[in-house]
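Student: I would like to learn how to read helix packing, sheets and backbone geometry from a model. Can we go through one together?
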Amino acid sequence: MLREDLLEELKDARERYEAEVRRILTTVPGAREEHVTFSGLVVKPLCTPADTAETDFFRDISFPGEYPYTRGVFPAGYLSRGLHIRQVAGFGTAEETNARWRFLLSQGANALSVVPDDGSGNRADSDDERVRGLVGKGGVALDTLYDYETLFDGIDMVRYPCHLITTSAYALACYLVVAGKRGLSFTGLRGSMSNWMRPEPECLDIMEYCAKNVPLFNAGYLDMRNVREGGCTAVQEIAFGVGLAMSGCDALVEKGLEVDEFLHRITWFVNSGPEFFEEVAKFRALRRIWARVFREQYGARDPRSLTCRMHCQTYAPTLTRQQPFNNLIRSTVYALGAILGGIQSLHVNSFDEALAIPTEFSASLSVRTQQIIDLETGITRVIDPLGGSYYVEWLTNRLEEEAMALIDTIREMGGAFKAWDWMCREIRKASYRTQEEYDTGARLLVGVNTLVDDNDIQTRALEVLREHADFETLHEYSAALAEKQVARLNKVRRERNPERLDGVREELVETMRAGRNMIPGLMEAVKSGLTRGEFANIKAGVYHQPAEGPYVCRPPLVLA
Amino acid sequence: MFADRLWYWLERGGAVNRPVKFLLSRDDWYHQRGYWVVTTAVRNAGMEVILGGIQTPAEMVRTAVQEDVDIIGYRIMDAAPGVVIPILFAKMRENGIENIPVVVGGIVPDKDEVLIREMGVKEVFQPLTPLSTIVERVQTIALAARANRS
């Protein structure tokens with residue numbers, strides 16, 4: 001808080017200063033107009049102590065690792081616990097993805113992430129005609145336990161925490177069975193999965209099972225990064241995520257769990273995009289809101305519950321096909337925003353992601369981007385270096401206000417689970433607005449609506465590389481890998497014991513119908529050779545939600 | 001049979017000004033930003049959008065027939081364009097709607113773009129194509145095809 005006399009003095013000085021700026025801007029030709037962030041906040045070109053006069057250091061900012069955790073969740077920031085370099089991998093069969101993992105680790109990645117070709121586990125098996133052209137394309141094909149065993153082959157599951165990009169209980173069951181077969185104790189198993197908060201039995205079963213049996217596994221997830229990709233604003237990213245966590249908490253408390261039993265196992269997946277300072281402020285505001293909401297409204301007491309931990313992937317909608325190497329620079333700036341904002345774990349998009357699945361070449365550059373920031377620049381040696389900046393603190397406050405207002409709106413609608421469709425519509429409105437901004441040139445994108453180059457040297461350079469490099473420079477879909485996957489699936493089908501499978505399958509169906517936790521039965525079933533498509537069939541039968549498209553059973557609810 | 005044909009003719013010829021009907025389907029469930037942005041833009045331009053949602057090529061053709069659409073839009077991101085487009089065209093021929101134009105948007109590598117254009121895809125909209133371009137092309141292609149059919 002500022003002293004009254006200083007505030008008065010500041011007010012006069014500020015008025016003089018602003019008059020001078022207005023004079024310059026009206027007389028200088030080509031002076032820039034006011035800038036509005038994705039969240040609709042008008043950027044203040046200069047802030048002074050008067051803009052943060054209401055901020056109380058101990059109440060609102062405090063020290064890193066201390067409530068309300070604005071400055072970070074660990075007291076020593078990246079000094080004690082370095083950045084997790086975690087690049088997504090997933091294409092072809094488990095063998096190809098395992099090889100990519102090994103490559104990423106050889107480059108210095110220290111955490112793993114896998115994207116299956118079906119993030120829901122609800123899709124038909126790879127030999128079904130409905131999934132032709134989809135197998136192993138947008139991710140790795142994982143049909144059976146055998147695929148998961150191949151995926152983790154030679155990978156130290158304890159040393160390298162792995163994230164499963166899926167909402168699927170099937171994937172979790174396979175992961176746990178693989179760990180179990182290696183004799184690993186579930187209590188020491190770290191890792192996480194994209195089990196985002198949603199009103200579905202599968203989500204809550206995963207949370208409940210892990211809270212009791214796999215205590216260090218981050219079983220709950222707020223996948224706001226991909227909602228942001230879907231076009232929501234930074235304010236919506238915070239508010240909708242916190243809203244979903246609140247609804248998930250309500251549902252789990254109703255199931256008989258205590259908040260502190262599971263809250264610390266809900267982690268965030270966040271985005272970091274072009275609006276640099278808004279992103280830095282967003283991470284800071286999010287940590288503060290999380291701590292305040294769950295302490296004040298949910299009575300969480302465990303400090304681990306109140307610390308909002310985040311994995312970040314940089315923003316992709318602004319990655320361009322035009323002048324593709326520009327994406328390296330974009331993603332580097334976005335990564336810097338994330339690191340200055342104090343995230344725990346990071347994926348930096350590769351420059352070719354607007355063209356195809358990243359290659360080893362482009363993925364290694366993503367790893368190196370993080371290492372250069374971490375090792376060469378000194379940036380990670382300072383904790384919350386932008387804390388105390390008048391502008392960043394002001395923006396942090398503004399984002400908190402806007403997000404809290406939105407959280408209140410959602411609460412008035414009966415919580416995020418009930419407000420689901422409303423949130424979808426709000427996100428669509430925001431994404432349409434953004435596209436209009438790009439179309440009209442109100443928001444600039446180099447190579448697309450400004451600095452367009454019809455004789456683009458970068459595209460030509462990439463073509464030359466593709467012709468002359470003795471390594472893959474642009475990923476291409478392989479029909480042969482899809483065939484290989486079908487062969488892997490058929491091997492499992494041939495070798496499993498049908499009677500044993502029928503027995504465990506019936507038991508699983510019974511458990512699910514009775515509303516008991518599906519995970520233990522599912523683990524037995526995957527051991528007996530149950531495939532993901534067969535599990536999806538079981539879910540369709542039990543929950544009566546058969547689906548169209550490549551899906552046997554409806555994909556999970558998704559905001560964007 | 002004759003009545004059917006008469007009705008078909010009357011409907012096509014008698015309603016020249018009815019808005020273009022655009023079926024928009026997608027290959028997979030995730031990352032729907034373009035799907036909704038395009039839907040909104042096409043609707044704002046006065047066309048009618050049938051939301052196919054996540055559909056296999058066979059399901060798209062079924063909807064296209066039921067809804068009697070003028071043009072089919074296919075959001076391809078997770079699927080291999082070179083695999084799913086031939087399946088779509090085969091199903092369209094089986095159902096006698098091969099004269100309905102198909103446009104594609106999403107993540108389509110250059111090689112695949114050339115390939116599916118050769119197969120008969122009328123337009124491929126790459127990421128960040130201005131909405132006005134998409135609207136104009138959809139309208140033009142749909143009306144040209146409608147004129148050819150009547």
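Tutor: Start with the angle convention. Axes are lines fitted to C-alpha atoms, and angles run from 0 to 180 degrees between N-to-C directions. Note also that this is a predicted model.

Student: What hand does the β-α-β unit of S1(B), H2(B) and S2(B) have?

Tutor: That unit is right-handed. Its two strands, S1 (residues 21–26) and S2 (residues 48–54) of chain B, run parallel and are joined by 6 bridges.

Student: How many bridges join S1(B) to strand S3 of chain B?

Tutor: There are 5 bridges between S1(B) and S3 (residues 71–76) of chain B, and these strands run parallel. Here Arg26(B) has Arg75(B) as its bridge partner in S3(B).

Student: What is the strand order of the open sheet in chain A?

Tutor: The order is S2-S3-S4-S5, with 4 strands and parallel pairing. Strand S2 (88–89) and strand S5 (192–193) of chain A are the edge strands, each pairing on one side only. S2(A) and S3 (residues 112–114) of chain A share 2 bridges in the parallel sense. Val88(A) has Ser113(A) as its bridge partner in S3(A).

Student: Now helix pairs. What do I look at?

Tutor: Two packed helices are described by the angle between their axes and the distance between the axes. Take H12 (residues 326–340) and H13 (residues 360–376) of chain A: their axes come within 10 Å and cross at roughly 45°. That makes H12(A) oblique to H13(A). The crossing is right-handed.

Student: Which residues of H12(A) and H13(A) meet?

Tutor: H12(A) brings Leu328(A), Ser331(A), Thr332(A), Ala335(A), Leu336(A) and Ile339(A). They meet Leu365(A), Thr369(A), Gln370(A) and Ile373(A) of H13(A). By class, this contact of H12(A) with H13(A) has 6 nonpolar, 4 polar and no charged residues.

Student: At what angle do the axes of H10 and H14 of chain A cross?

Tutor: Roughly 60°, with the axes of H10 (residues 276–297) and H14 (residues 390–412) of chain A coming within 8 Å. H10(A) and H14(A) are therefore oblique to each other. Their crossing is right-handed. The contact includes Phe277(A), Ala281(A) and Arg288(A) of H10(A), and Tyr391(A), Leu395(A) and Glu400(A) of H14(A). By class, the contact of H10(A) with H14(A) has 11 nonpolar, 1 polar and 5 charged residues.

Student: Why are H18(A) and H19(A) described as roughly antiparallel?

Tutor: Angles over 145 degrees count as roughly antiparallel. H18 (residues 498–513) and H19 (residues 519–527) of chain A pack at about 160°, with axes 9 Å apart. H18(A) and H19(A) are therefore roughly antiparallel. The crossing is left-handed. Among the residues that meet are Val504(A) and Leu508(A) of H18(A), with Leu522(A) and Ala525(A) of H19(A). The contact of H18(A) with H19(A) divides into 4 nonpolar, 2 polar and 3 charged residues.

Student: Last, the interface. How many residues of chain B are in contact with chain A?

Tutor: 28 residues of chain B are in contact with 33 residues of chain A. On the chain B side, helices H2 (33–44), H4 (81–94) and H6 (131–149) each supply at least two residues. H2(B) gives the largest share, 4 residues. The chain B side divides into 16 nonpolar, 7 polar and 5 charged residues.

Key: Residues numbered from 1 in each chain as written. Chains lettered and ligands numbered in written order. Predicted model: local features only at pLDDT ≥ 70, side-chain atom pairs only at ≥ 80, totals over all residues. Parallel < 35°, antiparallel > 145°, perpendicular 65-115°, else oblique. Left-handed = near helix turned anticlockwise from the far one by under 90°. Contact = placed C-beta atoms within 7 Å. Nonpolar A, V, L, I, M, F, W, Y, C, P; charged D, E, K, R; others polar. Pairing = 2+ DSSP bridges. Right-handed = clockwise from strand over helix to strand, strands pointing away.
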